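Here's a quick briefing on how two chains sit against each other. Have the sequence and the 3D view open while you read.

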Amino acid sequence: VNPFPVVVAVLGWICLGLDVGLRGPLSHTLWAAPSFVVPLAAFIALCAAPVPALWSALLLGLALDLLTPVGGGSLTVAGPHALGLFLAGQFVLASRGLVIRRHPLTLAALSVAASLVMTIVVVTLFWARQMYSPIEGWSASAELGTGFLSALITGLAGLLMSIGLLPLSPVMGLPAPHLRRR
Amino acid sequence: MAHHPHHQTSRGALIVGVIVLLVLAVLPARLGTWVNHLGGAASMLVAPVASPIYRIARVVSPAPSSPSEEVAVLRDEIERWKALYLKAIVDKEEAERKFEALSKGAYYTEPPQAQLLRPVIGADRDGLMVRAGSRDNVDTNCVATTVGVQIVGRVSRAQPRLCWVRLITEHGAGQIGGLIMTSESVRGPSCLLSPVAGGKLQGVVSTGAGIAPPAKGQVVRLADEKWPRSSQMLVVGVVDVVQTDSTGRSIVTVKPTLDLDRLGEVVIRVSPREPDTDKASTDGRGP
């Protein structure tokens, strides 16, 4: 039995819980909250085969969409975070040949970049939606500002998560990075 | 390099998945309402992790822009209101008679159908996520308060097991009518308050002949026909700042007695739906 989907599901569940639980308190304290899902998706994209990594990013992003209502909590849009995280995963896949995969700073740096990619995609999609289905109180500049700040904090989350994730990579069923040569 | 057929199928499914999500992402809001139900289910799914994390973070994280002096003042306020609340319980009958006598006229209070003390399991910029939903008869007509009498906000959306409470201090919550109490039992001028920065409300006071002007520290109670009757006369906050504009009108800044962003539990007051409030509440916004 391939443990990869189970491990990703469990870690995704924990990271989504952390995202939702910390979003409120930290947003009020730091103006933005870190994402734990983005470093997880980046880590998977860093280690796993391309297709499973992209599926993981897509599904984790979809879960983020469902847990991030907009417009005063009255509207849930499926897709923006999913597509954002998918492109972020694609970015990490393209970059992983150029980085030292087992270094904690790699995950931190790629988490920041992945978070920025996701933010840009999400804001672009919502900005496009504003033209025909406006959401009251939504501002592209404010979302970009918060997203960029969140990306920086996500880098710290990625650094902390790398301590736990990197040693776990063989247990998770992901191929050890040193065995994967492209 | 030749690709395995299984990989090609998986890659094809991935492309289809991306296209489906792209369509969903650009779907107009009126066609995507069913996604809201999935959102509620997802929130319930992550609640076992999110809820304890939220509680810990709420305790550990320092209050935003709250110097220790302000925290001390707020704690004093809490104690003062607790004392008033306990005093009101002890002198219940006398206070009820007194309150009824004072309430004759424009406003009267009736008890809500039910009061549900429920934990806050999360929060975002849109408000508090509370573990009470349409299964408990919670709908957009319901008002959330603290365990005492401080109004927290109004339910903006209800799922079967969850609801979202939009705080009265949030931008977009709309205006709220208040009555400034010149003393514990004497009504003063009315005011129409709007949310401003810093979790406060601000509005112009309607003063008239024989009505004392507002003063700092006075209690502001809800007096707004667009809110359920059972919520009238609950506490909106206390007058924090009184200013006078160029035309001589008083402008008050009202601060809730508690930091509404940081509540661990709230009381959802389930009220019978009133015809005149339906319109105001169905759009998920305050009055």
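What follows covers the interface, a nonpolar surface patch and the salt bridges.

Keep in mind that this is a predicted model.

**The interface**

- On the chain B side, 43 residues are in contact with 42 residues of chain A.
- Polar contacts do turn up: five residue pairs, both partners at pLDDT 80 or more, are counted between chain B and chain A.
- Four elements of chain B each supply at least two residues of the side that touches chain A, namely α1 (5-26), α2 (34-60), β1 (114-124) and β4 (151-158).
- The largest share of that side comes from α2(B), with 15 residues.
- Sorted by type, the chain B residues that touch chain A come out as 26 nonpolar, eight polar and nine charged.

**A nonpolar surface patch**

- A:V6, A:V10, A:W13, A:I14 and B:L45 make a nonpolar surface patch of about 450 Å².
- Helix α1 (residues 4-30) of chain A gives the largest share of the patch, four residues.

**Salt bridges**

- Searching the whole structure turns up two salt bridges over all chains.
- One of them pairs B:R118 with B:D136, whose closest N and O atoms are 3.2 Å apart.
- That pair links distant parts of the chain, 18 residues apart: B:R118 is in strand β1 of chain B, while B:D136 is in the loop between β2 (127-130) and β3 (143-145).
- As a general point, side chains of opposite charge can pair when their charged atoms come close.

Conventions: Residues are numbered from 1 along each chain as its sequence is written. Chains are lettered from A and ligands numbered from 1 in the order in which they are written. This is a predicted model: local features need pLDDT of at least 70, side-chain atom pairs count only at pLDDT 80 or more; totals for chains, interfaces and linings use all residues. Side-chain values use heavy atoms; hydrogens and water are left out. Contact means heavy atoms within 4.5 Å. A polar contact is a pair of N or O atoms within 3.5 Å; within protein, one must be able to donate a hydrogen and the other to accept it, and residues adjacent in sequence count only if both atoms are side-chain atoms. Ala, Val, Leu, Ile, Met, Phe, Trp, Tyr, Cys and Pro count as nonpolar, Asp, Glu, Lys and Arg as charged, and the others, Gly among them, as polar. Patches are made of residues with over 30% relative accessible area and no salt bridge: like charges are joined within 9 Å, nonpolar side chains (Val, Leu, Ile, Met, Phe, Trp, Tyr) within 5 Å. Accessible areas come from the Shrake-Rupley method with a 1.4 Å probe; for residues, only the protein chains shown count as cover. A salt bridge is a side-chain nitrogen of Lys or Arg within 4 Å of a carboxyl oxygen of Asp or Glu.
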